[in-house]
Amino acid sequence: MPIAASHQRTSRRSLIPAFTVAVVLIVIVFIQAAVSSVPRSSVAVPVFPRQVAPYSWWTAMHSSSSVDVATMVYQNGAGVEFGDVPQAVVLGADGTAYRRLDAAESLKIWEDQGDPAASVLSADGKFVVVGKAARGGGVDVTRLRDNHRQSILVGDGLSTIPVSIGADGRLVLILTSESSLSPPHDLNFRLHGALSLLDLKTGTVRKYADLTDVNAAALSPDGTSIVADTAAGLVVVDAVTGKVTDTRLSPAGELDGDAWSPDGRRFALLSGEILRIVTVTATEFVEEKVTLPGVVSGSAIGWRDASTVLVHTRAAGDSNESKFSWVDVESGARKPFASYAPDFTGASLIAPDVARDLLPLWRVDDRQADRGAPPVLLTIPLAVLLGLVVWVATPRRWKPRRTRG
């Protein structure tokens, strides 16, 4: 009996385009992961990007090991909306590599509303010290080159936050408390911790009995002096004896852990648009003020030399844009050299901590952001989803259905 073609037709979408796209995506991500996992060698001249990259969901997690030396550690994502998360970000000394610091994000506590745990970057940019603010009893020291983590016990049941690290990378100022240390507990976002000095090599802790209500503190580069922001105001302390040597300082300003000048003779702190430069000696105390017009908030986060302060500031407005500037404390001249502009999320950059030894060597240049590869475990479901989208978008191929007639 002859076979005749029916007027009815069947359709089918080809799986080849979807399969090809999914495989290509997986291959690309695995290649990126392999390249990103190779530690970056130290650079002869550390580079700071002229434009710091904005918040990104794609900044790689668990991959700070691909950064041999960091020039800055900061929080990206303060003020992010639902669906985004605050990130602890490591910026490599090459000025391109942006990596998530899992050591800080894994120790966050619910009281901090998703913010990563506080950390300080060593002067040479090779390791970070991360606090355990939820009565974890100590700190974690993480080497960036390979993510090697070492826990150092401070005291059972104590909450700890590192606030400043010495130039030799051995001594760290920490705040401790028998309850969780979280700034949101206080309407003024203060910590109220007891101050101690931790020796990372021996694990010994030197407690300062008279400093039990401290919000922030800074250790001088030579490890001999401390300036502490207490409930009573700013005080200068002999780091060896714990004796308070100066109490004549007013309690105004944002005190950073790298507030001391390289020679240890003075320190800087920012209060609104006023940069305060405080010189402390055994016989006299001198405070000078430099006005930075238009600044509404920020902090003095380091010194390039004995007369040049590095400040990170935000101007008036709701854009969350911020700038990095050099300020000459002798002339008062301010020179912005880098900026941060948020994307559509509006996320801001806060709590920057720089590698103190690298500051005098910084070269500012344009750099393309390298965010590493997406987490491998996320790649396969994304590939499947993309393949499904491609399959749905693939035109149907219509064929006549042949029947016996």
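**View 1. Strand S16 and its two partner strands.** Aspartate 229 stands opposite leucine 234 in S17, and in S16 this aspartate 229 is also the bridge partner of alanine 216. This is a predicted model, in which local features need pLDDT of at least 70 and side-chain atom pairs count only at pLDDT 80 or more, while totals for chains, interfaces and linings use all residues. Residues are numbered from 1 along each chain as its sequence is written, and side-chain values use heavy atoms, with hydrogens and water left out. S16 pairs with strand S17 (residues 233–238) in the antiparallel sense over six bridges, where two strands pair if DSSP finds at least two bridges between them, and where strands are DSSP runs (E, at least two residues) numbered from the N terminus. Strand S15 (residues 214–219) is joined to S16 by five bridges, and the two run antiparallel.

**View 2. The turns on either side of S16, and its burial.** S15 and S16 form a hairpin with five residues between them, and glycine 223 in that turn has a positive phi of about 75°. The hairpin from S16 to S17 passes through two residues. Because five of the six residues of strand S16 (residues 225–230) are buried, the strand is largely enclosed by the rest of the structure; buried means under 20% relative accessible area, exposed over 50%, and partly exposed in between, with a 1.4 Å probe and protein chains only.

**View 3. An open sheet of four strands.** The strands follow the order S6-S5-S4-S26, with antiparallel pairing. Strand S6 (98–100) and strand S26 (348–354) stand at the edges, and each has a single partner strand, so one side of each is left without a neighbour in the sheet. From one strand to the next the twist averages 30°, with axes taken as lines fitted to C-alpha atoms and angles running from 0 to 180 degrees between N-to-C directions. Within this sheet, strand S4 (residues 70–78) and strand S5 (residues 87–92) pair over six bridges, and glutamine 75 has alanine 88 in S5 as its bridge partner.

View 4. Serine 196, in strand S13 (residues 194–199), counts as buried at 4% relative accessibility. Beyond its neighbours within four places in sequence, serine 196 has contacts (heavy atoms within 4.5 Å) that include Val172, Ile174, Val205 and Tyr208. Lysine 132, placed in the loop between strand S8 (127–131) and strand S9 (138–143), is buried with a relative accessible area of 18%.
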